[in-house]
Amino acid sequence: MFGKLLTAVTTMPKLCRMILTDKVAVVTGSGRGLGLAYARALAAAGAAVVVNDVDADAARAAAAQIEAAGGRAVAEVAAVGTTEAADALVRRAVDSFGRLDVMVTNAGVLRDKVLWKMSDEDFDTVVQVHLRGTFTCARAAAAHMREQGTGGRIIVAGSPAGQRGNFGQTNYSAAKAGIAAMVRTWSMELARADITANAVIPVAATAMTKTIAAFAPHVEALEDHGTPLPDALRKGEGFGTPEDAAPLVVFLASDAAAGITGQCIGIGGDKLALWSHPQEISVAYADGGWSAEAIAAAWPVSVGRTPETVGVPAPGTGL
Ligand SMILES: NC(=O)c1ccc[n+]([C@@H]2O[C@H](COP(=O)([O-])OP(=O)(O)OC[C@H]3O[C@@H](n4cnc5c(N)ncnc54)[C@H](O)[C@@H]3O)[C@@H](O)[C@H]2O)c1
């Protein structure tokens with residue numbers, strides 16, 4: 001697998017610099033973690049950025065940090081998930097910087113529990129922030145970008161859990177799978193307006209992944225002592241820093257990614273990946289249709305012979 005990766009890297013064409021000086025971006029949940037890395041990288045490439053977070057101190061500190069580094073940023077404190085919050089973010093971009101080109105829907109929370117212990121509130125909270133937050137922000141952005149008439153970029157946050165399922169994450173995997181499905185739909189609906197829609201599937205050391213036992217000591221060593229993540233994580237798990245994931249957002253925001261839409265793209269550590277789209281992988285036909293008995297007979301030798309694997313592999317197990 002690494003061999004394939006190295007082949008891709010060595011055959012890479014000449015690098016060109018990503019310049020976003022005319023672009024205005026909103027990044028939700030960018031007070032810390034991946035969102036902060038995305039906002040900083042977009043600003044470093046020249047974009048003006050609306051930093052959003054539900055945590056007011058984190059949002060303001062992030063905007064100040066970007067400005068101190070010579071970038072352009074304002075903070076808009078809001079809990080994404082509602083139409084009002086989404087409209088406020090788009091309005092802030094337009095009021096502060098005159099336009100909106102890039103909407104990055106990154107804000108997220110976890111409420112992990114196994115199915116039989118998950119409360120309605122656990123489910124609704126995660127769906128509200130991730131799925132509804134992504135829907136409302138993308139809708140507000142798309143409406144404005146269509147009116148503006150100069151195309152645009154919608155970049156959403158998926159997850160390996162949404163692609164494969166993950167233990168204890170009924171709410172989160174449902175929301176993330178829904179987000180991937182929305183991106184595929186939006187890639188069709190927005191194509192005529194030159195607006196692309198793609199999902200970034202990151203894996204990175206943040207407050208969120210510090211809760212995973214196998215990653216925790218590495219995340220702590222990185223945070224406390226700046227200890228670099230080992231190759232086994234960077235390549236083996238595709239697990240890196242938030243800064244490792246940010247270049248994909250800059251690329252997708254750039255003119256170089258104008259033709260890329262409807263994709264779920266993985267990034268983390270040293271790894272860049274394209275996730276497959278759902279498709280029928282095994283098909284059989286029965287003249288006049290299928291009875292339950294016929295399905296039972298055909299399943300083990302036909303359509304069901306090689307079932308799909310599921311689940312995010314436990315770090316370090318390679319499973
Ligand atoms: N870290 C990973 O490995 C990983 C993997 C897959 C997907 N993701 C996704 O990437 C995104 C960022 O994750 P992270 O690891 O940086 O998490 P994080 O917890 O470090 O940061 C999330 C940020 O979102 C903010 N936030 C939460 N609810 C909000 C709301 N309603 N409105 C505005 N801001 C809100 C938080 O205050 C926080 O600053 C999430 O969507 C997450 O699901 C992360």
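Which residues come nearest the ligand? Select Gly29, Gly33, Gly108, Thr206 and Met208: of the 30 residues around the ligand, these come nearest. A residue is near if its C-beta atom, placed from the backbone, lies within 6 Å.

This is a predicted model, where local features need pLDDT of at least 70, side-chain atom pairs count only at pLDDT 80 or more, and totals for chains, interfaces and linings use all residues. Residues are numbered from 1 along each chain as its sequence is written.

Stay with the ligand shell. By class it holds 14 nonpolar, 13 polar and 3 charged residues. Here Ala, Val, Leu, Ile, Met, Phe, Trp, Tyr, Cys and Pro count as nonpolar, Asp, Glu, Lys and Arg as charged, and the others, Gly among them, as polar. Colour H2, strand E2 (48-53) and helix H5 (120-148): these elements give two or more residues to the shell. H2 gives the most, with 3 residues. Helices (H or I, at least four residues) and strands (E, at least two) are DSSP runs, numbered from the N terminus.

Next, select helix H2 (residues 33-44) with helix H10 (residues 242-253). They pack at about 50 degrees, with axes 8 Å apart. Axes are lines fitted to C-alpha atoms over the stretch in contact, and angles run from 0 to 180 degrees between N-to-C directions.

Finally, select residues 23-198, which UniProt lists as "domain: Ketoreductase" in an unreviewed entry. This stretch is 53% helix and 17% strand. Its end C-alpha atoms are 17 Å apart.

Technical notes: UniProt positions renumbered as here; feature names shortened; annotations may be inferred.
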